[in-house]
Amino acid sequence: MDSLQLITVNEDEHAIVIHLKSITSACGCPNCQIVSTNYHGTHRRTVQDLPILGKNVQLKITTHEYRCLNSACFVSTF
């Protein structure tokens with residue numbers, strides 16, 4: 001995926017944890033579709049994936065949050 005960078009993969013006897021980071025510099029508002037480069041902050045998400053070789057797999061993703069530039073849009077950040 002072009003918008004994520006692999007940071008680390010940690011594995012122990014029970015789990016595999018994959019750390020990813022967003023490398024985007026702009027994103028379209030999900031409501032009005034206007035592209036924003038107005039960076040607001042970061043958000044950390046944990047996603048449970050399907051097991052691999054009987055081990056629990058988690059994706060820990062650090063994503064960017066942007067402000068919508070459209071003053072008529074009801075979405076302030078996304």
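Figure 1. A disulfide is a pair of cysteine sulfur atoms within 2.5 Å, and a search of the whole structure finds 0 disulfides. For Cys27, the closest cysteine sulfur belongs to Cys29 at 8.7 Å, again too far for a bond. Cys32 is partly exposed at a relative accessible area of 22%, and Cys27 is partly exposed at 32%. Buried denotes under 20% relative accessible area, exposed over 50%, and partly exposed the range in between, computed with a 1.4 Å probe on protein chains only.

The model is predicted: local features need pLDDT of at least 70, side-chain atom pairs count only at pLDDT 80 or more, and totals for chains, interfaces and linings use all residues. Residues are numbered from 1 along each chain as its sequence is written, and side-chain values use heavy atoms, with hydrogens and water left out.

**Figure 2. The salt bridge between Lys55 and Glu11.** The search of the whole structure finds 1 salt bridge, defined as a side-chain nitrogen of Lys or Arg within 4 Å of a carboxyl oxygen of Asp or Glu. The side chains of Lys55 and Glu11 form this pair, with an N to O distance of 2.4 Å. Lys55 belongs to strand E6 (residues 55-66) and Glu11 to strand E1 (residues 4-11), so the bridge ties together parts 44 residues apart in sequence. Strands (E, at least two residues) are DSSP runs numbered from the N terminus. Lys55 counts as buried at 18% relative accessibility, whereas Glu11 counts as exposed at 54%.

**Figure 3. The surroundings of Ser22.** Ser22 is part of strand E2 (residues 15-22) and, at 7% relative accessibility, counts as buried. Its side chain makes a polar contact of 3.1 Å with the side chain of Thr24. A polar contact is a pair of N or O atoms within 3.5 Å; within protein, one must be able to donate a hydrogen and the other to accept it, and residues adjacent in sequence count only if both atoms are side-chain atoms. Neighbours within four places in sequence aside, Ser22 is in contact (heavy atoms within 4.5 Å) with Ser3, Leu4, Thr62, Thr63 and His64.

Figure 4. His64 is placed in strand E6 and is partly exposed, with a relative accessible area of 22%. A polar atom of the His64 side chain lies 3.0 Å from the backbone oxygen of Ser22. Not counting residues up to four places away in sequence, His64 also touches residues including Tyr39, Gly41 and Phe78. The C-alpha atoms of His64 and Thr8, 56 residues apart along the chain, are separated by 18 Å.

Notes: Helices (H or I, at least four residues) and strands (E, at least two) are DSSP runs, numbered from the N terminus.
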